[in-house]
Amino acid sequence: MAIGKFNRRPTFYNESFVTDAGGGSSNVETERWQAWAEIQDRTGNTFAAMATELTNYDYRVKVRFDGRFNSQTTMVYEGQVCKCQQMQIESEGYRNFLILRYSKTETWVDLS
């Protein structure tokens, strides 16, 4: 695999949920990082099931293996917030990569 394919640098973050004094829960960002990635846009891939057109996922993301990634890791890419649908490990020789499949959920607005 040519290392030049890792030419995108999306932002990833993990969240956890905290219970407040009133008994409600809110999500808190626990860590945020950027990683070089190979991103393939799969937005156009759809299939029909039970008279409904479905899209499995929007992006196929390949990154170097990193322990911070989990099945709940969120990605922000080109202004889109994406939720992880699937995660698998791919090995090439002695290198391990993660293949993540993300679906778009909402538009990212940075208020900082």
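Of the 112 residues in the protein chain, 30% are buried, where buried means under 20% relative accessible area, exposed means over 50%, and partly exposed lies in between (1.4 Å probe, protein chains only). What you have here is a predicted model, in which local features need pLDDT of at least 70, side-chain atom pairs count only at pLDDT 80 or more, and totals for chains, interfaces and linings use all residues. Residues are numbered from 1 along each chain as its sequence is written, and side-chain values use heavy atoms, with hydrogens and water left out.

Let's start with the overall layout. The protein chain holds nine strands and zero helices; both are DSSP runs numbered from the N terminus, with helices being H or I of at least four residues and strands being E of at least two. With contact meaning heavy atoms within 4.5 Å, 53% of the contacts between residues at least 6 apart in sequence join residues at least 24 apart.

Two strands pair if DSSP finds at least two bridges between them. E7 pairs with strand E1 (residues 11–19) in the antiparallel sense over three bridges, and threonine 11 stands opposite valine 76. E7 also runs antiparallel to strand E8 (residues 80–92), joined by four bridges; here lysine 83 in E8 is the bridge partner of threonine 74. Two residues lie between the strands in this hairpin, where glutamate 78 takes a positive phi near 50°.

Now to the aromatic side chains. Rings of Phe, Tyr and Trp (its six-membered ring) pair if their centres lie within 6.5 Å, and planes under 30 degrees apart count as stacked, over 60 as edge-to-face and the rest as tilted. The whole structure has six such aromatic pairs. One of them joins tryptophan 33 and phenylalanine 69 edge-to-face, at 5.2 Å centre to centre with 80° between the planes. This pair links distant parts of the chain, 36 residues apart: tryptophan 33 belongs to strand E2 (residues 25–34), phenylalanine 69 to the loop between strand E6 (59–64) and E7. Both tryptophan 33 and phenylalanine 69 are buried. Ring pairs also gather Phe12, Trp33, Phe69 and Tyr102 into a cluster.
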